[in-house]
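Me: I would like to learn how to read the features of a structure, one at a time. Could you give me the general idea for each and then the case in hand?

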Amino acid sequence: SVNGEVAYTFTLPKLPAVGPQQTETLDLNTLGSMSDLRQFLSENKGREVTAEVEFRLLHDEPLLKAGHVVARQQFVLQPYSFPTNCEARQQSSWVENLAKRKDWVRVDSTLACYTMQAVGLSVTVNRRTGRLDYLDVDGKPMLEDGYQVTPNFWRAPTDNDYGAQLQRKFGVWKNPEMRLRDVKLTIEEADRFAIVTVRYEMPQVKAELEISYSLYCDGSLYVTQRLAADKEAKDMPDLFRFGQQWVLRGDLSEITYYGRGPVENYIDRCESQPLGVYRQSVADQYWPYVRPQESGNKTGVRYWTLTDKQGRGLSFVALEAPLECSALNYLPSDLDDGPDKAAVQHHSGDLTPRPFTVMQVQARQFGVGGVNSWGAWPRKEYRMPYQDYELLYVVKAVR
């Protein structure tokens with residue numbers, strides 16, 4: 001595959017019979033289709049190239065049909081090159097067009113808000129709350145009316161989370177107090193772009209949060225969110241996630257993404273899902289566990305696009321590192337049974353889908369564990385300790 005799309009497929013020679021606890025070596029260099037691999041990689045320089053090997057049954061078995069995949073593994077032959085924030089801006093089309101026009105980004109400032117506009121994309125940031133209130137494309141709202149883009153540090157607890165009492169131990173991150181310090185507008189005359197920077201104090205978690213929205217003349221919106229933890233703070237709880245929540249119009253119901261899939265996956269439950277480009281619907285993202293909980297996450301995301309049936313919408317593109325994303329017809333609060341699930345005992349069949357799309361875009365989410373469901377935490381490398389975090393991505397209009 002090249003950048004997630006299948007480029008070639010071929011069938012390996014029939015393997016000899018291999019008994020239990022035995023091994024067999026197959027030299028792929030003997031295959032004609034592999035002989036020009038170096039040339040192929042050279043021709044696709046700058047693109048991600050992967051090879052996926054599948055082992056399928058040759059004959060029907062009592063419970064499985066011929067062709068069933070019994071094992072598979074994906075190998076990255078040429079890794080994805082995530083652009084840095086600086087590189088992405090330099091490669092953007094606004095650079096070459098800079099000499100052609102004098103006024104790229106228009107900024108309207110009122111006592112209530114800052115509005116930045118460029119190439120049909122309009123972004124409004126509330127000066128009293130620091131939240132992104134509106135994002136319109138060619139005059140059409142992308143956000144669901146009444147909802148803002150908000151930082152998110154919480155997920156609907158899973159059964160494993162409840163078993164370890166993490167819904168209580170991490171509870172301070174559910175709705176942490178956020179005191180607005182300032183909202184600052186900067187207009188860069190030389191480069192023709194505008195930035196709104198928002199800063200919050202978070203006293204309950206002893207941290208500071210900074211969010212910046214940078215609109216460039218080609219209509220690309222660069223989003224940066226940084227958490228600065230207090231290095232002197234002691235015994236602070238882990239986070240469930242570090243990201244942002246976008247509540248979008250309900251007709252933005254079609255997903256195209258490049259990442260791991262097609263089944264939901266998490267940082268400690270993702271190797272079974274190969275990297276690729278997948279096309280799905282928002283309505284199919286929620287997995288109906290017996291009891292509502294976190295669902296639908298995808299890791300290794302290079303880009304995530306939400307569109308309507310006509311192919312119009314928004315694309316979220318990763319910078320510097322892969323994203324984790326999800327899109328559901330439910331708010332996290334719809335799936336959250338609170339501090340004591342035994343007192344509520346909802347079931348997935350009780351849920352009523354919302355008439356809008358709730359997207360989570362995050363740098364990282366706490367692992368889901370699974371060693372047991374009565375106290376075990378995920379392994380250390382899959383947790384989210386109290387520390388600094390950074391989220392970087394670009395939002396682009398899809399027309």
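Reply: A search of the whole structure finds one cavity of 30 Å³ or more. This is a predicted model, in which local features need pLDDT of at least 70 and side-chain atom pairs count only at pLDDT 80 or more, while totals for chains, interfaces and linings use all residues. Residues are numbered from 1 along each chain as its sequence is written, and side-chain values use heavy atoms, with hydrogens and water left out.

Me: How is a cavity found, and what is the volume of the largest cavity?

Reply: Rolling a probe the size of a water molecule over the atoms shows where empty space is left. On a 1 Å grid over the protein atoms alone, a cavity is a set of points where a 1.4 Å probe fits but cannot get out, whereas a pocket is an open set with protein on both sides within 12 Å along at least five of seven lines; lining residues have an atom within 4 Å of a point. Grid points are joined across faces, edges and corners, and a volume is the space filled by probe spheres set on the points. Here the largest cavity has a volume of about 100 Å³.

Me: Which residues line the largest cavity?

Reply: The lining includes Arg 241, Glu 294, Ser 326, Leu 328, Val 358 and Gln 360. Strand E19 (323-328) and strand E20 (356-365) each supply at least two residues of this lining, where strands (E, at least two residues) and helices (H or I, at least four) are DSSP runs numbered from the N terminus. By class, the lining of the largest cavity has seven nonpolar, three polar and two charged residues; Ala, Val, Leu, Ile, Met, Phe, Trp, Tyr, Cys and Pro count as nonpolar, Asp, Glu, Lys and Arg as charged, and the others, Gly among them, as polar.

Me: With which residue does Arg 241 form a salt bridge?

Reply: Side chains of opposite charge can pair when their charged atoms come close. A salt bridge is a side-chain nitrogen of Lys or Arg within 4 Å of a carboxyl oxygen of Asp or Glu, and the structure holds 22 salt bridges. Arg 241 forms one with Glu 294, the closest N and O atoms being 3.3 Å apart. Arg 241 lies in strand E13 and Glu 294 in the loop between strand E15 (275-281) and strand E16 (298-301), so the pair ties together parts that are 53 residues apart in sequence.

Me: Are Arg 241 and Glu 294 buried or exposed?

Reply: Buried means under 20% relative accessible area, exposed over 50% and partly exposed in between (1.4 Å probe, protein chains only). Arg 241 counts as buried at 2% relative accessibility, and Glu 294 is buried with a relative accessible area of 8%.

Me: Which residues do salt bridges with shared partners join into one network?

Reply: Asp 337 is buried at 4% relative accessibility, and Arg 291 is buried at 5%. In another bridge, Arg 312 and Asp 308 have their closest N and O atoms 3.9 Å apart; Arg 312 is partly exposed at 41% relative accessibility, while Asp 308 is buried at 4%. Salt bridges that share partners join Asp 159, Arg 291, Asp 337 and Lys 341 into one network.

Me: How many aromatic pairs does a search of the whole structure find?

Reply: A pair of aromatic rings is described by the distance of the centres and the angle of the planes. Rings of Phe, Tyr and Trp (its six-membered ring) pair if their centres lie within 6.5 Å; planes under 30 degrees apart count as stacked, over 60 as edge-to-face and the rest as tilted. The search finds 22 aromatic pairs. Phe 153 and Phe 242 form a tilted pair, 6.1 Å centre to centre with 40 degrees between the planes, and both Phe 153 and Phe 242 are buried. The rings of Trp 246 and Phe 316 have their centres 5.2 Å apart and their planes at 80 degrees, so that pair is edge-to-face.
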